[in-house]
Amino acid sequence: MTIVFDVGDVLINFRFRDHMRDLGFSEQAVEELSERMVLTEFWHEMDLGIRMEKDAIEKFTAEMPEYEQEIRTFWANTDGLVAEYPYAEPLVKGLKDAGHSVYVLSNYPVETAKRHWPTFRFLPHADGYIISGFEKVAKPDPRMYRLLESRFGVNLGECLFIDDRQVNIDGAEALGMQGILFTGYQELIRELGSRGITLPEY
């Protein structure tokens, strides 16, 4: 079986609210910047690689001048924006050691990917990965999944795709992949076990 993982909120914690709190932002600033900057279509455009951090700073400081200092601080300190879950490396390594192929298929902006991905401990255990920002295409666009075929020779009909967003699962299943909606690590282990996929005991 070929296992394909999403990254954000599956293998890493996209902890943008806590990151802003770590930077000393007020709760009002945390909520407004979350809703008006992070959880927006513009962030998806960053995932698509058609917008960069300088565009974000320009756009959001113009729209929210009262938060200019916070916005500039946020983009100058993106290292703490994510945190790898403790289970991520043992999970990916365990699946590899059990004989499965493992790939990573992620919507992720270019500049933060360049900073974050070299630090991910799970990544060296994967057979390959695709990052949306570098490809100018993102899930659930069928072309994103098809890159697994064209680049790595993966048969989508033999893939199990794990993502925390139903729309991305639906996109995968439309191409013949199996899907698991990620709701937590223990739930994932149970679901994998029900499909006959178990991790080795070290």
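The largest pocket has a volume of about 550 Å³, where a pocket is, on a 1 Å grid over the protein atoms alone, an open set of points where a 1.4 Å probe fits, with protein on both sides within 12 Å along at least five of seven lines, and a volume is the space filled by probe spheres set on the points. The model is predicted, with local features needing pLDDT of at least 70 and side-chain atom pairs counting only at pLDDT 80 or more, while totals for chains, interfaces and linings use all residues. Residues are numbered from 1 along each chain as its sequence is written, and side-chain values use heavy atoms, leaving out hydrogens and water.

**The largest pocket**

- Of the 25 residues that line the largest pocket (those with an atom within 4 Å of a point), Phe-14, Trp-43, Asp-47, Asn-107 and Arg-165 are the closest to its centre.
- Helix 3 gives the most to this lining, with 3 residues; helices (H or I, at least four residues) and strands (E, at least two) are DSSP runs, numbered from the N terminus.
- The lining divides into 10 nonpolar, 8 polar and 7 charged residues, where Ala, Val, Leu, Ile, Met, Phe, Trp, Tyr, Cys and Pro count as nonpolar, Asp, Glu, Lys and Arg as charged, and the others, Gly among them, as polar.

**Strand 1**

- Strand 1 (residues 2-5) is covered on both faces, with Thr-2 and Val-4 buried on one side and Ile-3 and Phe-5 buried on the other; buried means under 20% relative accessible area, exposed over 50%, and partly exposed in between (1.4 Å probe, protein chains only).
- Strand 1 runs parallel to strand 4 (residues 101-106) and is joined to it by 4 bridges, two strands being paired if DSSP finds at least two bridges between them.
- Strand 1 also runs parallel to strand 6 (residues 159-163), again with 4 bridges, and Ile-3 stands opposite Leu-160 there.

**Aromatic rings**

- The whole structure holds 13 aromatic pairs, counted for rings of Phe, Tyr and Trp (its six-membered ring) whose centres lie within 6.5 Å, with planes under 30 degrees apart called stacked, over 60 edge-to-face and the rest tilted.
- Phe-42 and Phe-60 form an edge-to-face pair, because their ring centres are 5.2 Å apart and their planes stand at 80 degrees.
- Phe-42 lies in helix 3 and Phe-60 in helix 4 (residues 53-63), so this pair ties together parts that are 18 residues apart in sequence.
- Both Phe-42 and Phe-60 are buried.
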